[in-house]
Amino acid sequence: MVVELLSPTPMPVMRLAKAAAATRATAKPTQPPVTPSASPPVAETRSPAALTTRTTDQGAPQSISQPNCLINPPAYPPLSRQREETGTVLISIIIDTRGKIENAVIKQSSRFKRLDQAAREAALGSLCRPWLENGQPIRTTSDIPFIFKFEG
């Protein structure tokens, strides 16, 4: 029996520039519920510098299902290949406002430390475009699956 060893590849990521633009155009921002207060609201005074600062950049990243990224395929670790270790690793990435992957965390393990680390390193070495909301780049997070398997 011959087993053909292939390098693992991430799940296909569709280029959704048009679909993403349509989704952003139809997305409705959520507003917090209005609660009555005992005193009338006080208007905040802001300097011009404060008006240009985006609070989204400092807050939690927005979760998106399909980032616009070119995901590097991970190198199959030689010892894992020799031992015929297979599995799926789910990596959660955070993409900053410049499109740089600022963090990659193993969200679901393959049960093999070598495969998990290879997937994380591949994710960190990938390239992305920043996600735009109202024409402004925002921080985003997304989950990327990496599948390690033998085909043959």
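Cys69 and Cys128 are joined in a disulfide, with their sulfur atoms 2.0 Å apart; the term denotes a pair of cysteine sulfur atoms within 2.5 Å. The model is predicted, so local features need pLDDT of at least 70 and side-chain atom pairs count only at pLDDT 80 or more, while totals for chains, interfaces and linings use all residues. Residues are numbered from 1 along each chain as its sequence is written, and side-chain values use heavy atoms, with hydrogens and water left out.

**Disulfide**

- The structure holds one disulfide.
- The torsion about the S-S bond of Cys69 and Cys128 is about 105°, and the disulfide is therefore right-handed.
- Cys69 belongs to strand β3 (residues 69-70) and Cys128 to strand β6 (residues 127-128), so the pair ties together parts that are 59 residues apart in sequence. Helices (H or I, at least four residues) and strands (E, at least two) are DSSP runs, numbered from the N terminus.
- Both Cys69 and Cys128 are buried. Buried means under 20% relative accessible area, exposed over 50%, and partly exposed in between (1.4 Å probe, protein chains only).

**Salt bridges: overall count**

- Four salt bridges are found in a search of the whole structure. A salt bridge is a side-chain nitrogen of Lys or Arg within 4 Å of a carboxyl oxygen of Asp or Glu.

**Arg114 and Glu85**

- One of the salt bridges links the side chains of Arg114 and Glu85, at 2.6 Å from N to O.
- Arg114 lies in helix α4 (residues 113-124), whereas Glu85 lies in the loop between α3 (78-82) and β4 (87-95), so this pair ties together parts that are 29 residues apart in sequence.
- Arg114 is partly exposed, its relative accessible area being 31%, whereas Glu85 counts as buried at 6% relative accessibility.

**Asp96 and Arg98**

- The side chains of Asp96 and Arg98 also meet in a salt bridge, at 2.7 Å from N to O.
- Asp96 counts as buried, at 7% relative accessibility, while Arg98 is exposed, with a relative accessible area of 62%.

**Arg139 and Glu102**

- A salt bridge connects Arg139 with Glu102, where the closest N and O atoms are 2.7 Å apart.
- Arg139 is in the loop between β8 (136-138) and β9 (140-148) and Glu102 is in strand β5 (residues 101-108), so the pair ties together parts that are 37 residues apart in sequence.
- Here the arginine, Arg139, is buried at a relative accessible area of 14%, and Glu102 is partly exposed at 38%.
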